[in-house]
Amino acid sequence: LLTKHAKVIAMTCTHAALKRRELLELDFQYDNLVMEESAQVLEIETFVPMVLQAPDPATGRSRLQRVVLIGDHHQLPPVVKNTAFQKYSRLDQSLFARLVRLGAPTVDLDLQGRARKELADLYRWRYAGLGDLPAVSSAEARFAQANAGFAHVCQLVHVGPLRGQGETTPTRHYFQNLGEAEYVVACFMYMRLLGYPASAISVITPYNGQRDLLADVFARRCAPYPEFGSPAKIATTDKFQGQQNDFILLSLVRTKHVGHIRDIRRLVVSVSRARLGLILFCDRGLYEPCAELKPVFSQLLAKPDRLQLLPHETYPTRRLVGVGAPPPLEVVDVEHMMSLVSEMAFETRQAASGILHAPSALQAGQDDDMPTDGETPTAGSDIDGAPSATPAPKRAKVSAQGAGAATAEQTAPEGSSEGGAPMDA
């Protein structure tokens, strides 16, 4: 079947290398080779699929007539763990990138159909003449609808130190940031409470340490409870290349040095994974002055660096992108966000229990206790009902004018300065 009847055969380069001897023994023959993501394949690995057949007995030459390499040299190159080989032997240069560098003719993508225009603008500067397909511009409903509960399609959220602590390194080159991890998880919980499907949300970060920390916090806060669940993927930027999702929560982690997000290729991968919405969590003061990042960060910083929410919307919303939204709720810091999620989760549990008319902090301006044993924990409690490492502060008081009224006045959460300014302002 493989050698006589199949018209198209798919395999990885690694599988081709492992099975080459067997394919030669089967007298495997083919005329065309198409290699996808070839800019992320080692140069030597690129040659292996080209030599999977013995020479044609009639001509003494290979039947291979055409090789098509598909890839993006503006994104991450092949992974070479040995720094000396990577830096001085250029083993991280793919055959695709070599041919582009030598001036080989290319056919370039000039229309994209993945993301909203505002999201595509974050990386459009990297691709000359890149436009949008009609479906992205207006025709398809999901691109025309706004993101429920959020005032912006994409936003940079400044995350200050959580209780005086920014990035940490439990072991060498193993970077973590608990404040950003808690903020990301609280944002995910907020989206789930609004009705977003978990499968539409992915979480990415440039560092393995932060990925492991996020996975641990999600496992404790969300995974055991069906109303939250787990995001579709928690991965590093490098591992997520070639994948995408509707909504991306991105944590940059570092607070002392910019780190390897300074590599423009990694930045392009990070901001180009989202179709409908992107929220980037970072220390603004660290990344804003970085010259390499300005083409992206100048667009993000045109909006407020505090997360702006519309918590009374539900997913999906009828509001359209670009149509005036009501005044948003501005989140002061991560503890404020955890408090908001705690209140929303409490209201959700009340509604699920049939207690539809009991007052809550969001509707009646009253402080509620944290969940008791047997209740679903929120961003301020652990799964066993005991206080977590990051307990939620006292809830923001909101005055209301009738059930479900829009917010009118808020008091700053514990730990913030008067008037709602963040602790690290």
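Start at one pairing: Ser-202 has Lys-233 as its bridge partner in E9. Strand E8 and strand E9 are parallel, with four bridges between them. Two strands pair here if DSSP finds at least two bridges between them. Helices (H or I, at least four residues) and strands (E, at least two) are DSSP runs, numbered from the N terminus.

Before going further, the caveats. This is a predicted model, in which local features need pLDDT of at least 70 and side-chain atom pairs count only at pLDDT 80 or more, while totals for chains, interfaces and linings use all residues. Residues are numbered from 1 along each chain as its sequence is written, and side-chain values use heavy atoms, with hydrogens and water left out.

Now the whole sheet. It is open, with five strands in the order E5-E11-E10-E8-E9 and parallel pairing. E5 and E9 (233-236) are the edge strands, each pairing on one side only. From one strand to the next, the twist averages 20°. Axes are lines fitted to C-alpha atoms, for helices over the stretch in contact, and angles run from 0 to 180 degrees between N-to-C directions.

Next, E11, residues 274-282. Nine of its nine residues are buried, so E11 is largely enclosed by the rest of the structure. Buried means under 20% relative accessible area, with exposed over 50% and partly exposed in between (1.4 Å probe, protein chains only). E5, residues 154-158, pairs with E11 in parallel over five bridges, and Gln-155 has Ile-279 as its partner in E11. E10, residues 245-251, is joined to E11 by six bridges, also in parallel; there Asn-245 is partnered by Ala-274 of E11.

Helix H11, residues 264-271, has seven of eight residues buried, so H11 too is largely enclosed. Among what covers those buried residues are H5, E8, E10, E11 and H13. Contact means heavy atoms within 4.5 Å.

Last, the helix pair. How do H8 and H14 cross? The axes of H8 (residues 178-194) and H14 (residues 334-353) come within 9 Å and cross at roughly 30°. That makes H8 roughly parallel to H14. Angles under 35 degrees count as roughly parallel, over 145 as roughly antiparallel, 65 to 115 as roughly perpendicular and the rest as oblique. Residues in this contact include Tyr-183 and Leu-194 in H8, and Met-337 and Val-341 in H14.
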